[in-house]
Each structure stands twice: as C-alpha cells, then as structure tokens.
Amino acid sequence: MRKYIVVKHHMINTMVMGPGGSEYVTIETAIAFAKKGFEVYIDSWGLRRPEDLSSIVRFFGIELEEFENYDIGLGEPPGRPALTVNTSGDAISGVSDVIYFHYPSLMPHDTYYPGVKGVGGIVGKVYSLINAVAFPFVFRKAQAFVANSSFTARFLRKYYGIDPAIIHPPANLKLLLGQRPLGFHERKPFVLVVSRISPEKMPERAVELAYLLKTRGINVKVILAGSLSEYNNDLYDDLRNAVAREGLEDYIEIIPNAPRSRLLQLYRESLLYVHITPKEHFGISIVEAMAAGTPVIAPVDSGGWSDIGNYNPDIVKPYGRLEEAVEIIIKLVGNKEEWERLSRNVRTRSFFFDRDSFHFKLYQALRKYIY
C-alpha cells in the first residue's frame, strides 16, 4: 500500500517578503522522504503550479535533474497521509503530526522582528494573534516538535514547556565545497552580507556598518546581496537614499535578487562575511560563506554563534554592537595568519550542515511517527 507524506508550509510573511530559509527547509524535507521511496506532497500557498515549484528549486540551487527524479507533487495526496510535517512552524498551517520551528512564532512578532513597522506591524500583530489563539489546538494534536537550533529551542522550553528535537537546517554546499577556497591575497576587499532585503532582517545595519568602516578609514566595501520583494521597494529606496546621503557609494554596494551563481561567486571572493540580524535563529547564508572558506562574524545573540559557531571564537567571531564587528574586521584584514586559520576552521565546520546530513537526521528522527 502506497504511503503519502504531506509537507505543509503556509506563511504570510514569505508571500510578502520573499523566499527564505523556511521554504528551503520545506523543499529539502520533501526530498528527505522522497529519497526513502515515499510519495510526497507539498501543500503551500506559494506553490500552486509545477512551474512555481521548479522556480523555487532553482532559486535554492538544487539541480532540476535531481529534483525531478523524486516523486514530489503539490496539494493534497489522493489518500490519507502517513505523516504530515508543518515546516512553517506556526499554527496557520493547521494540524500536523510534526511541527518544525524556525523561531518561536508563538511569541509577539516584534520580539523577533522589531524592524517591522507600519502596515507590516499591523499584519504582524494579526499574525501573532492568530497563532496565539490557534496554537493550543494545534499543539495538542502534534506528536513531535523539532527546532532548527538550540537558540530557538531555549525559547520553546522556557515559554511553552516544549522540549523539541534539534535538527539544524540544511545548506546546499556542493558547488562551494567542490572548489578550492581562495586564499587571503586572492580575495577582494569585500565584507559580504547576504540577507533578504526586508524589514525583519534589518538591512539598514549593513549601511550603518559601511558608515562605521568609512569613519575608521578602513578600505573595504560592504556588499549587501539578497532577495527583494516588490512589497519592499520602498525599503530598498530608503537604503539607497541613506547611502547617497552619507556619501557611502565607495563603501557599500546593494545587489537585489542576485542569481545563485552570483551569490556563490561573492561567497568565494569576499574577504569576510558579516551577519547583521540580531536574534537570527540560525542563518543558512552563514554556513554557505563558511563552505567557501570565508571567515564569519555573527551576532552573539543568535544561532549563528550558538549553533553554527558552537560558542567557539576559533570558528565564528561573535559581536554585540556593530562597533565591535568593525574592530574584528580591522584585526582580520591586517592578520593573514589568523584569517587563514579561521578560513580552515569554518570550512571544516560547514560539512556538519550539508543537505545530505539533514535528510538523514530528519528521517531518522521522524520515521517512528509514520503510520
């Protein structure tokens, strides 16, 4: 008898802000079960047509030839699911056997996304209210909970008494790990920031970083690259205006909707990678930079430090205020030996988060819940 797996993903913010890590986890979760011979269906507001699915698969750098080998469809299965996995991590996706949390979506939206104001703030409040009302019912029906990091898990334990399994998100590292990392003198004087250009990611901090580097006379350029939704064009214009107002044209470049090939090139060529979003629960882009052998500087209050860096400054350099990040940049730009040591360490650490490892860990953790 054929067994069906359903992967649910219904998130309002991704429809407005653009694709992010939860969409990628959705695709890779479907692949994890399809690799084991299950017929998998993705139930998502944003994926209604086969061409939508193909587009987002390409966006995340998964080869279509590989993906098309799997038995993955859209919508509801023709029979009763053997397992349903909610990869949006909130109550809007409805009752599921498993909930994969990317962040504590049950908390008020401004706890995690203080940068969302105006209309976005109103939507966020409604979103939080729906989750608060619906989650108790969804919670009782779930058999298992998974968190994407210990950073997220701490919130779930403290505020909701949930003790989730921790399975870190996957990272698509094949092309990066398949190439020799560029050395210190082969790099360009770039400080790379990869982030969705969206208010909850606080991209204005990249402009502030560039301003601080300019005032210190540091000859490096911040590159801000990430997806941009039409709903965030005003934010993009604000960022560009700030760059012009502060005379930062030589200190920052903003690259919206860079193709995957360009991102991979930036990961390899940049001298350093800085993650700008405080309280980021994980940060797949951090792992991608590490796979390219690019040393990483990440907020101390984030999964980038706790889970990816493993609380080890020999892997990830933590910072509190952006001024501290600037000091770390200054030291690494002028210290080839330290840069090379970090480059070796981050590349080795990145293997731990490879997508094949995610497929294996997720299936092993959830196979006992399949009917």
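Guide: Lys 279 is partly exposed because its relative accessibility is 36%; buried means under 20% relative accessible area, exposed over 50%, and partly exposed in between, with a 1.4 Å probe and protein chains only. This is a predicted model, in which local features need pLDDT of at least 70, side-chain atom pairs count only at pLDDT 80 or more, and totals for chains, interfaces and linings use all residues. Residues are numbered from 1 along each chain as its sequence is written, and side-chain values use heavy atoms, with hydrogens and water left out.

Visitor: Where is Lys 279 placed?

Guide: Lys 279 sits in the loop between strand S11 (270-274) and helix H12 (284-291). Helices (H or I, at least four residues) and strands (E, at least two) are DSSP runs, numbered from the N terminus.

Visitor: And what is the phi of Lys 279?

Guide: Phi is positive there, about 65°, although Lys 279 is not a glycine. Asn 310, also a residue other than glycine, has a positive phi near 55°. Asn 310 belongs to the loop between helix H13 (303-308) and strand S13 (316-319).

Visitor: Now to helix H3: which residues are buried?

Guide: In H3 (residues 50-59), Asp 52, Leu 53, Ile 56 and Val 57 are buried. They lie on the same side of H3 because they cover an arc of only 130° around the axis, the arc being that of the directions from the helix axis to the C-beta atoms.

Visitor: What do the buried residues of H3 pack against?

Guide: They pack against helix H2 (21-34), strand S2 (39-44), helix H4 (64-67) and strand S3 (72-74).

Key: Contact = heavy atoms within 4.5 Å.
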